[in-house]
Amino acid sequence: MTERVIQVDALARVEGEGALYVRLNGPEVEKVEFRIFEPPRFFEAFLRGRDAHETPDITSRICGICPIAYIMSACQSIEQAMAVTISPEIDDLRRLIYCGEWIQSHTLHAAMLHAPDFLGLDDAIQIAQSNPELVKKALRLKKVGNSVMECIGGRAVHPVNTRVGGFYRAPDPGAVHALIPELNWGAEAARELALQFAGFDFPDDEYDYHFVSLIHPDRYPIIEGRIGSNRGLDIAVEDFNAHFREDHVAHSTALQGRMRDGSSYLVGPLARYANNFDRLTPACQATAREAGLGPIVRNPFKSILVRLIEVQYACEEAARLARAYVPPDPSFVPTEPRAGEGHACTEAPRGICYHNYRVDAQGRIEHAQIVPPTSQNQPQIEADLARVVAQSLDLSDKDLKWRCEQTIRNYDPCISCSTHFLKLTVDRV
Amino acid sequence: MSDGAGSLPLIIGIGNRFRRDDGVGPWVAETLQNAGRQVHIHAGDGTALLDLFAVHGDIILIDATKSGAAPGDLVSIDARSAPLHADMFHYSTHRFGLAEAVETARALDLLPARLWVYGIEGQDFGAGIGLSERVERTARELVSTLAADPADDA
């Protein structure tokens, strides 16, 4: 047998740090391990005993890219535990700021971090040298998202205006309406980028994924809906733990999400898109068709296109919400300490982010469970790598390494969220 | 190195104050802010730095380094005349940090007219607040230098 050893000491263009080990014995892929060895950060443990109102601000610190996902899942879960119902105006404002997070997170990944893989370039700096207009457009588009977050949340990273029950202060209508022209530009820019990137040479790969996302009868889901899948799953968020489990494996400090039967599943843009294509706007559906995409995309490398379609959607939706904006009055619903339990699930850019809290009569956290999207995607990332490596044995070690990294970046993994470094080792025995 | 009569460079402190010495940039910036200087604390990915480059012609960036130098060692770089190496700096979100932002801006011809980068070698990047002794000593010296006459050092 021929032994091949390929090693990448630090995977670039992902959030956080981890390692990948692939062992090949001739044509056999003997082992694939997506290794995360960042020490766990124990957020769930140190939430215990804290005032439940602190939960959104504490959990937002799990991630500097998608803090809104943590804030919103935490808020909704605590509000359910305390039997609080928020107003439609607060709900719309939450959806608006969440659109901002999708725009900035997806644009950063698709245009600056993932696109170099398809262009044969090392990084966004080289794109800037060869195609400066593309990078300028991406930077402006990302700024559109940051502007939404600043306007609603007070700042673009770790917003300070969000709270359990709503917002500390309702944003000024003039400031919200002022976002509309750039959001309109952003929708068109995202569409142009999607069509431009549709010309990339995508690896020929298809897989019959179990797509899991929120589903909603009327809206492309962001902060609302039941948990559903393309294989008939349709459950209330409260039933998450009855259908999903978290496994500890020796090679990862992040728990790995699986279905209760042990099978892997996929969360994120491909899943949202497949489960909710009909709820995209006609313009977004038109972009998908022009980009050559059907209502279900099973080639994981084309996730870059779906991300950009979701950016277009988020811009259109944010513009709609901004036009209709009515300042919530009051800006938040007061809460009283009350024993209870809450569950919430919202769509972080990388997929569903589930939170569950139990609160005591004094309003203190007794139990916390946070299931981020990258944790859930780990087993599917390993399955994708095994499949892609098996299909790519004729590649040189250098090219195989590149393909492995590209495969991982299909997921825009946020290792910091799942807990934080990526080294890649491929042994060919 | 002021931008013109009466104007001083914008001080940008980069890093995470909850990761010990990674917070040295924000520590310096906040200390200078208390002395009346215009500062910005930067968190998140590096692309937002390019937005600041677009509106400020004179900028000083302060970040923690992890280059293998002795803890507390200070390096100053005229970023307009020398490229930044990504391996030098500790801060990075999605591997798009200070060096990537500056080099992308260079490629796009978006660098401010004056851009100086100060790096202070960190010792402890673990979870927690507060700077290690040698890093704080250098940070205090840099504050004194920049507060006294920002034009001299850069």
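How many residues lie between β11(A) and β12(A) in the hairpin they form? The views below take up this question and others, using a model that is predicted.

**View 1. Strand β12(A) and its two partners.** The answer to the opening question is two residues, which separate β11(A) from β12(A) in their hairpin. Strand β11 of chain A spans residues 340–348, and nine bridges join it to β12(A) in an antiparallel arrangement. On its other pairing, β12(A) meets strand β13 (residues 365–371) of chain A, again antiparallel, over six bridges.

**View 2. Chain A as a whole.** Along the principal axes, the C-alpha atoms of chain A fill a box of roughly 70 × 45 × 35 Å. Of the 429 residues in chain A, 56% are buried.

**View 3. The largest nonpolar core.** This core has 150 residues, and A:Val148, A:Leu308, A:Cys315 and A:Ala318 are those with the most contacts inside it. Helix α4 of chain A, residues 88–119, gives the most to this core, with 14 residues. Which residues surround A:Cys315, once its neighbours within four places in sequence are left aside? They are A:Ile103, A:Val144, A:Leu183, A:Gly186, A:Ala187 and A:Ala190, each in contact with A:Cys315. A second, separate core has 17 residues, among them A:Val22, A:Leu255, A:Val388 and A:Leu400. As a general pattern, nonpolar side chains tend to be buried together in soluble globular proteins.

**View 4. Where chain A touches chain B.** The contact takes 24 residues from chain A and 16 residues from chain B. On the chain A side, α4, α5 (124–130) and α6 (132–153) each supply at least two residues. Helix α6(A) gives the most to this side, with seven residues. By residue type, the side of chain A that touches chain B divides into 14 nonpolar, four polar and six charged residues.

View 5. Chain B has five helices and five strands, and read along the sequence they follow the pattern β-α-β-α-β-β-α-β-α-α. Buried residues make up 45% of its 154 residues. Among the contacts in chain B with a separation of 6 or more, 74% come from residues 24 or more positions apart. Now look at helix α2 of chain B, residues 47–55, where B:Thr47, B:Leu49, B:Leu50 and B:Phe53 are buried. These residues cover an arc of only 140 degrees around the axis, which puts them on the same side of α2(B). What covers them? The cover includes α4 and α6 of chain A, together with β2 (39–42), β3 (58–65) and α3 (98–107) of chain B.

Note on methods:
Residues numbered from 1 in each chain as written. Chains lettered and ligands numbered in written order. Predicted model: local features only at pLDDT ≥ 70, side-chain atom pairs only at ≥ 80, totals over all residues. Core = buried A, V, L, I, M, F, W, Y, C linked by C-beta atoms within 7 Å. Buried ≥ 20, exposed ≤ 12 C-beta atoms within 10 Å, placed from the backbone. Helix = DSSP H or I, 4+ residues; strand = E, 2+ residues; numbered from the N terminus. Contact = placed C-beta atoms within 7 Å. Nonpolar A, V, L, I, M, F, W, Y, C, P; charged D, E, K, R; others polar. Arc of directions from axis to C-beta. Pairing = 2+ DSSP bridges.
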